[in-house]
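This report goes through a few local features of one structure. Please look at the sequence and the model before reading on.

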Amino acid sequence: MLPFAAAVVTPLVYRVLRERTAYYAAAVALACFGMVASQLGTSGSVSFQWIPSLGVSLQFYVDGLSLLIGFLASGVGVLILTYSGGYMHGEPGKAKYYTALLAFMGSMLGVAFSADLISLFVFWELTSLSSFILIGHYTDRRSSQYAARKSMLITVSGGLFMLIGFILINKVTGTFAMFGPGGILTDAASVNAQLHAAGLFVPALALIAVGAAAKSAQVPLHIWLPNAMEAPTPVSAFLHSATMVKAGVYLVGRFRPLFLPEGVHVIPDWMLLFAVLGLVTMTITAILAVAATDIKELLAYSTASHLGLIVAGFGFASEYGAETGAFHILNHAMFKAALFLVAGIIAHEAGTRKIKHLGGLWRDLPITAAITVVAALGMAGVPPFNGFYSKEFLFESAYHAAEIHGGLAWLFPVVAVFGSIFTFLYSIRFLMLFFGEKPKGLGHVHRPPLTMLVPPAILGTIAALIGLGGVTDTFGIAPTALNHFVGRVVESTLPPAAHAEAAEAVHFSYHLPTSVTPAATMSAITIAVGLVAYQYYDDLHRGINRLLTVNPLRANWWYDNAVYGLNDASVETIPHVQTGLLRTYATWSLAAVTLLALGGYAAAGVALPSFGFAAGMTPSLALVLGVAVVGAFAVSIAPSHISGVLTLSILGFMVAIFYILADAPDLALTQLVVETLTLVIFLLVLDRLPTFYGEIKRSRALRDGVLSLAVGTTVFVTVLVTTVANPANSIAQTFLDYGVTVEEAGGHNIVNVILVDFRGFDTMGEISVVAMAALSVLTLIAMRERGETQ
């Protein structure tokens, strides 16, 4: 809750600290980092009631996976907010900027530690909301507005799909709790079986996958991420490389124990979905990164590609897959956040982000160049840098899956290598911004301020130390603390049976290859082919861009046509819906209510009661009700409004007589008074309205007739449905047993006491309805006096 509380007062703090607000926000992030660090070595949950009637609580859970995301959200947040102190100098809207960043960090911590499906959804959508504000930071730019709308539409829509998946799980289990006694993930094997038995396993899996894919920019929902680069570079580094996009892969890792079964000899649904989705995303977005002309665009596509690698890792059923996803979340956050901050330094100091206008920057930015060497080679998967080890785990996972399943499963390692070649290409291209000759027109590049240099240096150093840990582990000196922590993360993503076999903790280690293995061979092929292909990088760049001129090959073409097509459809529809005519609005409103009501009854399987004379039905009562039916039919064929109203009153008077015969004189008197008053008012109104409205088209008359029948049917069915219940204890007895006698209430009969004492607000509401209806009639009459006769 600390980031939310800090966000509330940030506008006030900004009035005092101005640009130094960055360091206030960084201090808040540092405090959060300390609180997350205090949970190291612990596990378990804490819960607070939120909506008890629905079984929803604010429940939070600590394990390896939640700690990893919590460390990234708060730790990278410290560096990004410090970096912002230099980068945002002179920029507009800084109070809003720091407020939104702190709110985002709180939302991301909520996602990481939530242990209730509904609270997870709430924090999930809060990340989208704060991201929308940050992406649209430059509110006067059309490109910024477009990017913010696109990210909001895709990520929020994906979250709604995810919510439906959560509701399906709740429908089967009866709980929203993820952990604790009876928790969904605590009893994952049992819930898995229940979902299969209910036929909801695949729907729930697919719906949650849409939410994860939208947030983590998986193909074809990747299109929002490159546009999100309109945000300030610190936002890109924080949200779109280290944290927010990790929410999607976090969701995949979190629900992996639930949807991934044990002991399956065919490719399970989980693996078929996520391994294929991840590898396709990894490959396509890596190719698009080679086509990029802007350094942030290149990093955006590369982010989607590496997220695909993580999704593919979690998709594979082996423990190698869990290690791939868990370790690459950490590695990617380190080298990609560093590279985004490097991109910010380049844009800030060189004044351009165009790749073709940049080169030879190491002479002016030597420290930044050193950071880039470590981060870019880690991104390329070159040993001994950090990204190499998690890429090795991916190759192990893909090859292991192909060995077990055979056939088309051999495409897994082939596609993994193919996509990795393009990853190597764009990584080396980014690295080469600092080497070679400086392009003409690019003058002296100033060195960045210390606040902009220290954060990427820290990230680069951590990435280098992770890579060094693999080297030392090769010689028997393992980075014990890191291995233990990543082992805890891996353990959080294992299915129940594997988790039980792990007993105490998963043993995780990483090191350089010490023999010729399939994974090492795949890495060697990737690097060798990448080095050869780099000689033709410009040709590949131009060729891919030529392919992208074919509109159907671009996902953005489909998105833009869909969105703007809906806009055009709205413009065309408005004149037919917003006509200014009361009859049009009544038609749409009544038709919608009828459709929803009857559709709801059908979906709920509501059974109508059988028809027959009720017990105690006398000939007199039957005669009265028969006259009422005849009167109702006569209304529909009445030749004029006045005769229609007079005929309609027959129904009211028959109801009054029915009450008399049923020994309810008070109700009969009330009915007679109301019916008489209504008749008089109707006749007075009709006296002021024209007697003839003109001819109407036969099609409109037919439409109105059908709608009238539909509305009548809806009311009829609703009355039947709501009166079919026959409880053992009548409500009349409940009122009598309430403890207040008629005498104590100062009344003369129980009906008056109920209306005045027990249903006072209800009676007042009914009076209000009558008053509003009267005002509406007066308004219509006044409009007619002004000539508005339609």
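How many residues apart are Arg-542 and Asp-539 in helix α22 (residues 537–547)? They are 3 residues apart, which means that about one helical turn separates them.

## Basis of the report

The model is predicted, so local features need pLDDT of at least 70 and side-chain atom pairs count only at pLDDT 80 or more, while totals for chains, interfaces and linings use all residues. Residues are numbered from 1 along each chain as its sequence is written, and side-chain values use heavy atoms, with hydrogens and water left out.

## Salt bridges

Side chains of opposite charge can pair when their charged atoms come close. A salt bridge here is a side-chain nitrogen of Lys or Arg within 4 Å of a carboxyl oxygen of Asp or Glu. The whole structure holds 7 salt bridges. One of them joins Arg-542 to Asp-539, with the closest N and O atoms 2.7 Å apart. Arg-542 has 42% relative accessibility and is therefore partly exposed; Asp-539, at 43%, also counts as partly exposed. The terms are set by relative accessible area with a 1.4 Å probe and protein chains only: buried is under 20%, exposed is over 50%, and partly exposed is in between.

Arg-583 and Asp-704 form a salt bridge at 2.5 Å, N to O. This pair links distant parts of the chain, 121 residues apart: Arg-583 is in helix α24 (residues 582–604) and Asp-704 is in helix α28 (residues 698–723). Salt bridges with shared partners bring Arg-583, Arg-703 and Asp-704 into one network. Arg-583 is partly exposed at 33% relative accessibility, as is Asp-704 at 21%.

Asp-294 and Arg-353 meet in a salt bridge of 3.1 Å, N to O. Their positions are 59 residues apart, with Asp-294 in the loop between α12 and α13 (295–315) and Arg-353 in the loop between α14 (319–350) and α15 (366–380). Asp-294 has a relative accessible area of 11%, so this residue is buried. Arg-353 is partly exposed, at 28%.

## Helix α8

Helices (H or I, at least four residues) and strands (E, at least two) are DSSP runs numbered from the N terminus. Helix α8 covers residues 201–215, and its 15 residues should span 21 Å at 1.5 Å a residue; the end C-alpha atoms are 22 Å apart, which agrees. The expected span is 1.5 Å times one less than the number of residues.

Of the 15 residues in α8, 11 are buried, among them Phe-201, Leu-205, Ile-208 and Lys-215. The buried residues pack against α5, α6 (142–173), α7 (188–198), α9 (224–227), α11 (244–259) and α12 (269–290), where contact means heavy atoms within 4.5 Å. Ala-217, which follows α8, has a positive phi near 55°.

Strands β1 (residues 44–51) and β2 (residues 56–62) run antiparallel and are joined by 7 bridges; two strands pair if DSSP finds at least two bridges between them. Across from β2 residues, Phe-48 stands opposite Leu-58 and Ser-47 stands opposite Gln-59.

The two strands form a hairpin with 4 residues between them, and Gly-55 in the turn has a positive phi of about 70°. β2 is mostly covered, with 5 of its 7 residues buried.
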